[in-house]
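Q: I would like to learn how to read a structure like this one, feature by feature. Could we go through it together?

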Amino acid sequence: MPGKPDVSKRAGRPDGMYSYCRVVGCSQPARAGTTKGLDRRFCRRHADHHSRHGSAYKRSFSANDLVRYRRIVRRWLKGHVNDRWVANAVDRVNGLYAQAGPFEEAFRLAGLPPKERARKAWARFRDAGVAPERVVESWLVIELAVRLDPQPDGDREFKRVQGAKLIHRLASGSHKRWEREPMLNSGHKQAGPKTIVTELHKYPHSRGKVLRYIGADMEGACSLVVSSHLPELLSAANGEDA
């Protein structure tokens, strides 16, 4: 494209204004202050951490971290099956499924822009039979985990990535398996019962902009149930602690 800056040349000229990573205590320069990138905020290590977790310093919640919140949310949802805001969230997730288009195998997604890969992820969740209620549950679990974290990262990006990672685990890849009989050099089938098994397993990376788009979709779908009922859920969680 005429007039477009040469990214490689820009990356090759360190900028002294970005000689420190923004993470407190990190002694490394931001990548824009080196010859290895244009990131003005983080060094290579913290940029990679941010891409994976939605935070440059905080790790993702583990399954053990979320057990308690999942129990609270499931119990609450069972008592609010007919709640209009819960039904609204379920309808919105169904809308994401309906708009996702046809299912595409994970190994066919390379080269697509992140927003399109996020849309295809919803098709993957749909075809894997992930119930819309499970998506709503996952977002409410993350809402509680973030709000009640004693050392929280309050950035919306962190919450979105955590929500996306939670449902990403439910339908994370594509798997193919083929069986064929071995052939002799002459082209005839080899004697014996043995077959050759070929398997292909492809898992989309759980990182980057795709997670941000999926998380934003979850947040939008559950926005009304959160605004209407989050205090009630927090009270339920605090009451369990009492």
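Q: Is F125 buried or exposed?
A: Buried means under 20% relative accessible area, exposed over 50%, and partly exposed in between, using a 1.4 Å probe and protein chains only. F125 has 0% relative accessibility, so F125 counts as buried. Bear in mind that this is a predicted model, where local features need pLDDT of at least 70, side-chain atom pairs count only at pLDDT 80 or more, and totals for chains, interfaces and linings use all residues. Residues are numbered from 1 along each chain as its sequence is written, and side-chain values use heavy atoms, leaving out hydrogens and water.

Q: Which aromatic pair does F125 form, and how do I read its geometry?
A: A pair of aromatic rings is described by the distance of the centres and the angle of the planes. Rings of Phe, Tyr and Trp (its six-membered ring) pair if their centres lie within 6.5 Å; planes under 30 degrees apart count as stacked, over 60 as edge-to-face and the rest as tilted. A search of the whole structure finds three such pairs. W122 and F125 form one that is edge-to-face, at 5.4 Å centre to centre and 90° between the planes. W122 is buried too, with a relative accessible area of 1%. Together with Y97, W122 and F125 make up one aromatic cluster.

Q: Where do W122 and F125 lie in the chain's secondary structure?
A: An α-helix has 3.6 residues a turn, so residues three or four places apart point the same way. Here W122 and F125 both lie in helix α5, three residues apart, about one turn of the helix. Helices (H or I, at least four residues) and strands (E, at least two) are DSSP runs, numbered from the N terminus. The chain has nine helices and two strands, in the pattern α-α-α-α-α-α-α-β-β-α-α along the sequence.

Q: Which residues have the most contacts inside the largest nonpolar core?
A: In soluble globular proteins, nonpolar side chains tend to be buried together. A nonpolar core is a set of buried Ala, Val, Leu, Ile, Met, Phe, Trp, Tyr and Cys residues joined through side-chain atoms within 4.5 Å. The largest has 46 residues, and those with the most contacts inside it are L66, W122, F125, L140, L144, I214 and V225. The elements giving two or more residues to this core are α3 (63–78), α4 (84–98), α5 (114–127), α6 (132–147), α7, α8 and α9 (223–241). Helix α6 gives the most, with nine residues. Apart from this core lies another, of seven residues, among them V23, F42, C43 and A47.

Q: What does L140 touch?
A: Contact means heavy atoms within 4.5 Å. Not counting residues up to four places away in sequence, L140 touches V73, W76, L77, V225, V226 and L233.

Q: Which residues of helix α2 are buried?
A: In α2 (residues 44–53), the buried residues are H46, A47, H49, H50, S51 and H53. What covers them includes α7 (156–168) and α8 (209–221).
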